[in-house]
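Trainee: Please take me slowly through the loop you marked for a close look, and then through the parts of the fold you would read alongside it.

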Amino acid sequence: KARARFARHWDTPGFYFVSGDVNQPLPSYLGTVDYIFHAASNTHPVAYATDPVGTVCTNILGTDNLLKYASENSCRRFIFASTVEIYGENRGDCERFAEDYCGYIDCNTLRAGYPESKRAGEALCQAYMKQTGVDVIIPRLPRVYGPTLLQSDTKALSQFIRKALAGEDIILKSAGTQFFSYIYVGDAVYGVLYTLLYGESGQAYNIADESSDITLRELAQIIAEMAGRKVVF
């Protein structure tokens, strides 16, 4: 899978691939690193349900292992890819979340493992900054779309596209009034790199595109219309 994803770079001198598990300590032979991008995490519903322990551990234990390596190997900057899901439910007092917003999350649910462990991961970043001096930036990403979407992804957008490609109606199990932020994958990468170069140490930054804010119902209708199908509630 990695060879296919990085085929353009696989045989170049500047590329070095190591297969491993971030929940285990990193091998010492990797040596000094300039930047660490921690983007390892389950991010779709079936993954939360089938591997809830792995989801939580990657966002906490994996983050701890990588921060420890960064602090011990002269890392110039550590980037922890977080999520807008850490904001929880809207308290009804705003339309869009600023970085200091904190809404409600019921921690006693299976689904909460992802946002709660991302919250803990962010707190761990702050702890390492204070205790070891490692330089951390936290970009918070919304739902990312583009040609990198996987067929196996169980997020709503991927399911809608699969239904449309199969010539089937799109079925919504709710009124679809949920309001979501999306961002195109190229813009997401640009945003992350921008925070890497210009972000203030220790800060979290929303990486989002206001023009891509949309309700679930509107998203389903756009895709259904393109495929000549309809949305069934």
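**A loop residue, then rings and packing**

Mentor: Ser 74 counts as exposed, at 58% relative accessibility (exposed means over 50%, buried under 20% and partly exposed in between, with a 1.4 Å probe and protein chains only). Ser 74 belongs to the loop that joins helix H3 (52-72) to strand S2 (77-80), where helices are DSSP runs of H or I with at least four residues and strands are runs of E with at least two, numbered from the N terminus. Its phi is near 55°, a positive value in a residue other than glycine. The model is predicted, so local features need pLDDT of at least 70 and side-chain atom pairs count only at pLDDT 80 or more, while totals for chains, interfaces and linings use all residues. Residues are numbered from 1 along each chain as its sequence is written, and side-chain values use heavy atoms, with hydrogens and water left out.

Turning to the aromatic residues, rings of Phe, Tyr and Trp (its six-membered ring) pair if their centres lie within 6.5 Å, and the planes count as stacked under 30 degrees, edge-to-face over 60 and tilted for the rest. Nine aromatic pairs are found by this rule. One of them joins Tyr 145 and Tyr 184, an edge-to-face pair because the ring centres are 5.6 Å apart and the planes stand at 65°. Since Tyr 145 lies in strand S5 (residues 143-145) and Tyr 184 in strand S8 (residues 182-184), the pair ties together parts that are 39 residues apart in sequence. Tyr 145 is partly exposed, with a relative accessible area of 29%, and Tyr 184 is partly exposed as well, at 36%. Tyr 190 and Tyr 194 form a stacked pair, with 6.4 Å from centre to centre and 20° between the planes; both residues lie in helix H6 (residues 185-198), four residues apart, or about one turn of the helix. Tyr 190 counts as exposed at 58% relative accessibility, whereas Tyr 194 is partly exposed at 45%. Elsewhere, ring pairs link Phe 6, Trp 10, Phe 15 and Phe 17 into a cluster.

Rings also meet charges: the charged end of Arg 143 sits over the ring of Phe 180, 3.8 Å from its centre, and Arg 91 lies over the face of Tyr 101, 4.3 Å from the ring centre. The criterion is NZ of Lys or CZ of Arg within 6 Å of the ring centre and within 35 degrees of the ring normal.

Strand S8 also holds Tyr 182, which counts as buried at 6% relative accessibility. Tyr 182 and Ser 212 are 30 residues apart in sequence, yet their C-alpha atoms are 5.3 Å apart in space. Leaving aside neighbours within four places in sequence, Tyr 182 is in contact with several residues, among them Arg 143, Tyr 145, Leu 157, Ser 212 and Leu 219, contact meaning heavy atoms within 4.5 Å. Thr 215, found in strand S10 (residues 214-215), counts as buried at 17% relative accessibility. With neighbours within four places in sequence again left aside, Thr 215 is in contact with Gly 176, Thr 177, Gln 178 and Phe 179.
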